[in-house]
Amino acid sequence: MLTANDGQTDEPFGLDVLRGDLAPRLTTRHPITTLASQVTAFFASLGFRTHPTPEVEDVLHSFDLLSVPEGHPTRSPAHTFYLEDGRVLRSHTTSSVMRVLRQGRGRTERRVLVGGPCYRNTTPTPRFVTQFHQMEVAAVGPDIVLTDATGMALGLLDDVLGQGHGATLRFRTLPYVSPGFSVDAPCTPCEQAGCALCGGRGFLEVMSGGALTPAVMAAAEVPSGSRAISLAISLERLLAIRHHVADIRPFLSTDLRVLAQNG
Ligand SMILES: [Zn+2]
């Protein structure tokens, strides 16, 4: 006969099947899914439409069309996973943005949203992992300016982290945007004292974006007279800041105890 476990059971592995806290919780959402839904809703309210995109990409969209030169470190197998047929596991969602823009080539106004898993050949650390999740928006139009990207970035942080988040903008050089920028959020786990998550800086880069260069706009066949901006969001890093977690690896684990605390 089954009885409640008083700690002295002969049950194999010490498992007490009558413990209520072992009941399956089928309604818990993964924290990355929760955040992705919030980000999608934010951009949908601004007129952005979600587009499905592949996790396996070709070199053309991953690097060539984005003006990433031959010999650039991100093209190396030490950085990007190559398949036997020469394609790659998507290393960033900007390749997906390029794919969607080219599907609608010639249109003077676009607001697109893409996202999903990305992969980089790296040794996992508290802030770099082999598989992570990015979302990215791109806007095309005759009246689009860089501050549309920075304004959306700060607005999204207000929505996700709450006003008073203290994030700052920093110019950043990337092959496909000019000018480019990064958004750095104050590191909450260490309270800006410096830790492995923020690399001792006290701030963690959670987004990057900028104005697409003329060469990249030409590759995407954006009509002359229109301009384009993009903004990429790192979901695990935003979660780490929001939930004061000093390591993004638990968000990619299967430990439901950890995931349930940070949803
Ligand atoms: Zn830190």
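Start by selecting the seven strands that form an open sheet in the order S1-S4-S5-S9-S8-S7-S6, with mixed pairing; strands here are DSSP runs of E of at least two residues, helices are runs of H or I of at least four residues, and both are numbered from the N terminus. Two strands count as paired if DSSP finds at least two bridges between them. The model is a predicted one, in which local features need pLDDT of at least 70 and side-chain atom pairs count only at pLDDT 80 or more, while totals for chains, interfaces and linings use all residues. Residues are numbered from 1 along each chain as its sequence is written.

Colour the edges next: strand S1 (49-50) and strand S6 (168-171) are the edge strands, each pairing on one side only.

Now select strand S8 (residues 203-212), where nine of the 10 residues are buried, so that S8 is largely enclosed by the rest of the structure; a residue is buried if 20 or more other C-beta atoms, placed from the backbone, lie within 10 Å of its own, exposed if 12 or fewer, and partly exposed in between. Strand S7 (residues 177-186) pairs with S8 in the antiparallel sense over eight bridges, and along this pairing Val177 stands opposite Leu212, while Gly180 has Gly210 as its bridge partner. Strand S9 (residues 227-234) also runs antiparallel to S8, joined to S8 by five bridges, and here Gly210 stands opposite Ser230.

Move to helix H3 (residues 94-103), in which eight of the 10 residues are buried, so H3 is largely enclosed by the rest of the structure. The buried residues are Thr94, Ser95, Ser96, Val97, Met98, Arg99, Val100 and Leu101, and their cover includes strand S2 (56-57), helix H2 (59-62), strand S4 (110-119), strand S5 (131-141) and S9.

Finish with helix H1 (residues 31-44) and helix H4 (residues 146-161), whose axes come within 11 Å and cross at roughly 135 degrees; axes are lines fitted to C-alpha atoms, for helices over the stretch in contact, and angles run from 0 to 180 degrees between N-to-C directions. That angle makes H1 oblique to H4, because angles under 35 degrees count as roughly parallel, over 145 as roughly antiparallel, 65 to 115 as roughly perpendicular and the rest as oblique. Show Gln38, Val39 and Phe42 of H1 together with Leu156, Asp159 and Val160 of H4, which make the contact, two residues being in contact if their C-beta atoms, placed from the backbone, lie within 7 Å.
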